[in-house]
Amino acid sequence: MPPPPEVVSSFMSNEGLAALQTRLCEFIVPFTDRKLGQAGSKFDVEEGSDEYLVSISLGFPIDRSSSGLIEVLRAYTESLKLDKAFNFKVGWTVTPHTVQHGLKPLEGVSNIIAVASGKGGVGKSTITVNLALALAQEGAQVGILDADIYGPSQPRMLGLLGRKPETRDGKTLEPLVAHGVKVMSIGFLVDERQPMAWRGPMVTSALNQLLGETHWGELDYLLVDMPPGTGDIQLTLSQRVPVSGAIVVTTPQEVSLADARKGLEMFQKVNVPILGIVENMSAHICSSCGHEDQIFGAAGGKRLSEQYGLPFLGSVPLDTGIMKNTDEGDPSVVSEPESPVAASYRDIALRASGELAASGKDYSRLFPTISVKEDE
């Protein structure tokens with residue numbers, strides 16, 4: 001509840017800009033549920049003759065959604081009933097964040113985010129591609145590594161079936177690009193119908209090559225569509241890939257939650273920060289009448305996040321449009337950008353990147369490299 005006008009007037013006359021900054025520090029950023037000025041955001045206030053200029057810098061991309069943030073900010077500042085108008089300027093910068101101890105960050109890639117699930121069939125690949133596209137729409141430079149060697153889905157979901165990557169230097173592969181997102185997958189190198197009858201060491205070696213021998217260029221985020229499960233391959237990847245954070249995908253039903261717990265435990269054991277949990281197929285939406293039916297149960301992902309003390313990033317319904325769009329190579333975020341489903345993906349993407357922005361930053365790249373040579 002905003003304070004009475006007479007209190008605010010006295011408040012401003014006595015305290016000035018410092019007091020205004022204190023009030024702005026009470027504003028909750030919608031995409032992070034953190035107060036403005038806390039980890040992942042900062043701001044500065046200047047007083048002009050007829051307005052206050054508030055410059056905000058966020059640690060996650062927000063080109064598309066900045067207008068919504070400014071709208072909420074205006075409503076908050078209007079409730080303060082001050083004597084001047086507010087002018088907001090919102091900017092953002094994605095910085096590199098820490099990875100597992102002993103691993104070197106991938107050159108040119110600020111942050112690698114693993115998208116994982118304890119089992120297959122929960123829509124992990126669909127979540128990955130839509131989150132990547134949502135981050136790209138917010139202005140970030142984004143890539144996807146399809147790490148599911150046995151069942152690569154990204155070539156079909158991004159409309160890239162039949163395309164082959166090229167090489168410019170004979171050493172590295174150029175990723176393919178779809179909807180502004182760079183993509184690399186084993187599915188680009190083999191026929192879609194060819195089974196990958198490989199054992200674990202071969203899979204791990206192939207993934208290391210796809211990751212390290214792809215010319216990614218400069219990326220803010222590289223999302224890794226992890227293989228389902230928590231076996232040797234997943235554990236090896238979690239230990240060898242320099243990951244800044246992980247997103248765990250589950251459905252509401254207990255069978256899926258039980259496997260998601262294993263995924264959470266695996267990341268915790270290898271010291272990979274978990275950005276949060278996404279609940280997919282949370283409710284079925286009837287395409288005829290719009291009725292919602294929670295056929296897989298209700299709020300399972302929310303309960304799981306509370307059990308582990310992790311952020312709940314959001315939920316996505318079971319909608320036939322999602323299936324249709326990904327099969328046609330036009331995921332919901334790009335084919336139906338104004339739909340409620342696309343809005344759900346964008347909210348999840350912003351919350352996940354906001355959680356990463358609030359985590360520890362990687363300062364090792366700022367240190368000089370020292371080499372010692374003997375005198376000739």
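Visitor: Which helix axes come within 11 Å of each other, and at what angle do they cross?
Guide: Those of helix 7 (residues 254–269) and helix 8 (residues 300–308); the crossing is at roughly 35°. Keep in mind that this is a predicted model.

Visitor: Left-handed or right-handed crossing?
Guide: Right-handed, as helix 7 passes helix 8.

Visitor: Which residues make the contact?
Guide: On helix 7, they are Leu257, Ala260, Arg261, Leu264, Glu265 and Gln268. Helix 8 brings Gly300, Gly301, Arg303, Leu304, Gln307 and Tyr308.

Visitor: Phe267 next. What does it touch?
Guide: Leaving out residues up to four places away in sequence, Phe267 touches Ala114, Ala116, Ser238, Ala246, Val248, Val272 and Ile274.

Visitor: And which residues have the most contacts inside the largest nonpolar core?
Guide: Phe267 is one of them.

Visitor: How many bridges join strand 6 to strand 10?
Guide: Six, and the two strands run parallel. Strand 6 spans residues 109–116. Val109 has Leu219 of strand 10 as its bridge partner.

Visitor: What about strand 7 and strand 10, parallel or antiparallel?
Guide: Parallel, over five bridges. Strand 7 covers residues 142–146. Val142 stands opposite Tyr221 of strand 10.

Visitor: What holds paired strands together, in general?
Guide: Strands of a sheet pair through backbone hydrogen bonds, in parallel or antiparallel fashion.

Visitor: New topic. What is the order of the open sheet of three strands?
Guide: The order is 3-4-5, and the pairing is mixed.

Visitor: Why is one side of strand 3 and of strand 5 left without a neighbour in the sheet?
Guide: Strand 3 (41–47) and strand 5 (85–92) stand at the edges. Each has a single partner strand, so one side of each has no neighbour in the sheet.

Visitor: How much are neighbouring strands of this sheet turned against each other?
Guide: By 15° on average, with direction ignored.

Visitor: How many bridges for strand 4 and strand 5?
Guide: Eight, in the parallel sense. Strand 4 is residues 51–58. Leu53 stands opposite Asn87 in strand 5.

Visitor: Which helix packs on the sheet?
Guide: Helix 2 (residues 66–79). Helix 2 touches strand 4 and strand 5. Its direction makes about 145° with that of strand 5.

Visitor: Where does Ala18 lie?
Guide: In helix 1 (residues 5–24).

Visitor: Why is Ala18 classed as partly exposed?
Guide: Because its relative accessible area is 49%, and exposed would need over 50%.

Visitor: How far is Ala18 from Val45?
Guide: 9.0 Å in space, C-alpha to C-alpha. In sequence they are 27 residues apart.

Visitor: Zoom out. How many helices and strands in the protein chain?
Guide: 11 helices and 14 strands. The chain has 376 residues, and 50% of them count as buried.

Visitor: Last one. Among contacts with a separation of 6 or more, what share comes from residues 24 or more positions apart?
Guide: 75% in the protein chain.

Technical notes:
Residues numbered from 1 in each chain as written. Predicted model: local features only at pLDDT ≥ 70, side-chain atom pairs only at ≥ 80, totals over all residues. Heavy atoms only, no water. Pairing = 2+ DSSP bridges. Helix = DSSP H or I, 4+ residues; strand = E, 2+ residues; numbered from the N terminus. Axes fitted to C-alpha atoms, helices over the stretch in contact; angles between N-to-C directions. Contact = heavy atoms within 4.5 Å. Core = buried A, V, L, I, M, F, W, Y, C linked by side-chain atoms within 4.5 Å. Buried < 20%, exposed > 50% of the residue type's maximum accessible area, 1.4 Å probe, protein only. Left-handed = near helix turned anticlockwise from the far one by under 90°.
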